[in-house]
Every structure is written in structure tokens, then in C-alpha cells.
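This report covers nonpolar cores, aromatic pairs and charges over rings. The sequence and structure come first.

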Amino acid sequence: IEPGYKDASVLRMNSILEPMYQMGVKMLDQENFKEAYRNFDKVYLQDKTYKNVSALREAALGKASVGLGVLPVQNQTRHRDFDNKLYQDIVAGLVKGKSPFLKVVDRSTLERMLQEQQLGMSGLVDPETAAKAGKLIGLKYVLMTAWSEWNMDRNPLAIDSVEAYESFTETVPGPNVGQVNSVTRFKKVKYARHYQMNRVYARVFYQLVSTQTGQIVASDVIALEKKDEFERYFFNGPVSNLYPELPRDNKLPPVSKEWREKFNKANRRIFSSEELSNQLSQSISRSLTDEIRIYVER
């Protein structure tokens with residue numbers, strides 16, 4: 001509470017900073033570099049000038065860091081653009097994770113590093129070639145991704161005429177003289193159904209290759225779709241009297257709440273195929289990067 005109280009600063013160093021510092025030194029000696037960094041970082045955040053914690057922190061981080069080269073997405077389809085968007089989202093997703101141990105090397109940096117080693121990786125690259133090149137430029141892993149399938153449905157607004165039944169009340173003579181009864185009858189009517197749907201689908205395959213062994217340490221296929229649809233009904237009359245079918249056993253037919261609500265639904269614009277493509281790219285990259293971190297950060 002009071003930093004200047006007696007020898008509080010000395011006690012603080014002895015009881016808090018020194019134990020963490022010594023644990024960091026111990027982890028460093030045991031080559032547990034990530035734990036060493038975490039301990040040194042705790043000390044560094046409280047006192048950057050404490051002993052040589054700044055130098056030890058940087059040394060531990062250098063040893064614990066994992067270099068990951070992200071190759072461009074291979075486009076195995078006849079379509080364009082999604083591969084570039086997906087690549088950007090994958091790199092951004094890995095960087096956004098803010099792991100101090102993960103050093104992401106993107107396409108431009110990879111090309112520069114390969115040129116410095118007088119290497120090239122144009123066209124299709126197999127895991128063995130990627131591993132050798134990655135090892136020569138000091139990477140621990142190389143991520144290879146292929147976009148293999150694509151489907152896009154863009155549907156204009158469709159308007160259909162659908163049959164339904166409208167109830168109405170009618171008076172009929174009763175069994176006694178002068179008596180009248182009210183009965184509910186139904187007549188066939190039609191309402192308008194407006195429907196629109198856009199959908200995109202992609203299938204992506206990835207391989208995480210260890211440059212030390214040349215082995216594929218992780219691989220998977222990610223197949224996802226994004227869809228947006230809108231359905232709205234229009235009826236020239238009281239919707240409360242409208243039913244999708246005729247009654248049975250003298251009982252009013254059941255009407256679902258969702259069916260009735262579509263008559264009062266506010267109009268809206270559905271997502272375009274381009275917007276859905278962006279959402280799909282982000283979802284695939286998020287799923288891919290979450291799986292990749294399990295291997296490169298452990």
C-alpha cells in the first residue's frame with residue numbers, strides 16, 4: 001500500500017521478485033525455455049532493471065520461439081480470389097493469437113529469405129521440399145494449405161403462390177324455430193411467398209510439416225459452408241384467419257408460431273455471396289489456426 005514504508009522495496013524483491021527470478025534461472029538450466037521466459041517476464045513486468053532479467057528474458061524467448069512459415073494457399077479449383085483472402089486470414093489469425101513464442105513468416109518474407117539462400121519455391125510444393133527449404137532458413141514448421149472445392153449459389157428473389165385456407169363465420173338455422181347458429185367455414189385462398197438464399201461452400205486441406213524431421217505432424221480437411229436465406233409471406237386479408245390446412249375432427253388445424261410470424265416479418269437484405277465468402281474464409285482460418293496452435297505452441 002505504501003511503497004516507501006521502511007524497507008518494503010527490499011522485502012518485495014526478496015519475497016516476490018527473487019523467487020520468480022531463481023525459478024526462471026532453474027528452468028533455463030533445464031532447457032525449459034518457455035517456462036523460463038514466463039518467469040522472467042513476470043519479473044520484467046514489475047521491475048525491468050532487476051538484475052539481468054531483461055537479457056535473460058530475451059535469451060529464453062529466443063530459445064523458445066517457434067518459426068512458422070506460411071506458404072500461399074494452393075488453388076486447385078477453377079475459381080479465383082478466395083485463396084488470397086484465405087491466406088491473408090490465416091496469417092492474420094496466427095499473428096492475432098499474440099503468442100510470444102510463435103514467429104509467423106508470411107509469403108513476402110519467405111520469398112526474401114529463400115532468395116538470400118538462392119532457393120525458389122514456385123508452383124506446387126511437396127512436404128519434403130517445403131521441409132528442406134524451411135530448415136535452411138531457420139523455421140521449425142511450414143504450413144501448406146490447398147483449396148480443393150468451391151461451390152457458390154446465388155439465387156434471385158423467387159415469388160411463389162401458395163394455397164392456404166381462410167376461415168370465416170356463417171350463420172345457419174338452428175334446430176328450433178327462429179334459432180340461428182354460427183359456424184366456422186373455410187375457403188381456399190392463396191398467399192405470396194417470397195424466398196431468397198445465397199450459399200457458399202469451400203473445402204480446404206492443410207498440412208503442418210516439421211522441418212526437423214520432414215514429417216507431417218498435423219493435417220486435416222476443413223469443409224464448411226455459409227448460408228443466408230430470407231422467407232416472407234404476403235396475404236391480402238386478416239392473417240389471423242389463415243390456416244395452412246383444413247381442420248380435422250371438427251378442430252381448428254394447428255398453426256405454428258413461426259408460420260404466422262413470416263407474414264409480419266420485416267424485410268431485410270440477405271448477405272451477398274461476396275460477404276458470405278469473407279465470413280467463410282474467416283471461419284476456415286479460425287478453425288485451422290486453432291488446430292495449428294496446439295502443435296506449434298506446446
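## A buried aromatic pair

Phe101 counts as buried, at 5% relative accessibility; buried means under 20% relative accessible area, exposed over 50% and partly exposed in between, with a 1.4 Å probe and protein chains only. The model is predicted: local features need pLDDT of at least 70, side-chain atom pairs count only at pLDDT 80 or more, and totals for chains, interfaces and linings use all residues. Residues are numbered from 1 along each chain as its sequence is written, and side-chain values use heavy atoms, with hydrogens and water left out.

Rings of Phe, Tyr and Trp (its six-membered ring) pair if their centres lie within 6.5 Å; planes under 30 degrees apart count as stacked, over 60 as edge-to-face and the rest as tilted. The count by this rule is 12 aromatic pairs. One of them joins Tyr37 and Phe101, edge-to-face, at 5.6 Å centre to centre with 75° between the planes. Tyr37 belongs to helix 2 and Phe101 to the loop between helix 4 and strand 3 (102-105), so the pair links parts of the chain 64 residues apart. Tyr37 is buried too, with a relative accessible area of 7%.

Tyr233 is in strand 7, while Phe263 is in the loop between helix 7 (257-261) and helix 8, 30 residues apart. Both Tyr233 and Phe263 are buried. One aromatic cluster is formed by Tyr191, Tyr233, Trp259 and Phe263.

## Nonpolar cores

A nonpolar core is a set of buried Ala, Val, Leu, Ile, Met, Phe, Trp, Tyr and Cys residues joined through side-chain atoms within 4.5 Å. The largest has 28 residues, and Leu68, Leu143 and Ile292 have the most contacts inside it. Elements giving two or more residues to this core include strand 1 (66-70), helix 4 (82-96) and helix 8 (273-296). Apart from it lies another core of 16 residues, among them Leu17, Tyr37, Leu61 and Phe101.

With contact taken as heavy atoms within 4.5 Å, and residues up to four places away in sequence not counted, Leu143 touches Leu68, Ile90, Tyr206, Leu288 and Ile292, among others.

## Charges over rings

A charge sits over a ring if NZ of Lys or CZ of Arg is within 6 Å of the ring centre and within 35 degrees of the ring normal. The charged end of Arg57 sits over the ring of Tyr44, 4.1 Å from its centre. Arg260 lies over the face of Tyr243, 5.3 Å from the ring centre.

Key. Helix = DSSP H or I, 4+ residues; strand = E, 2+ residues; numbered from the N terminus.
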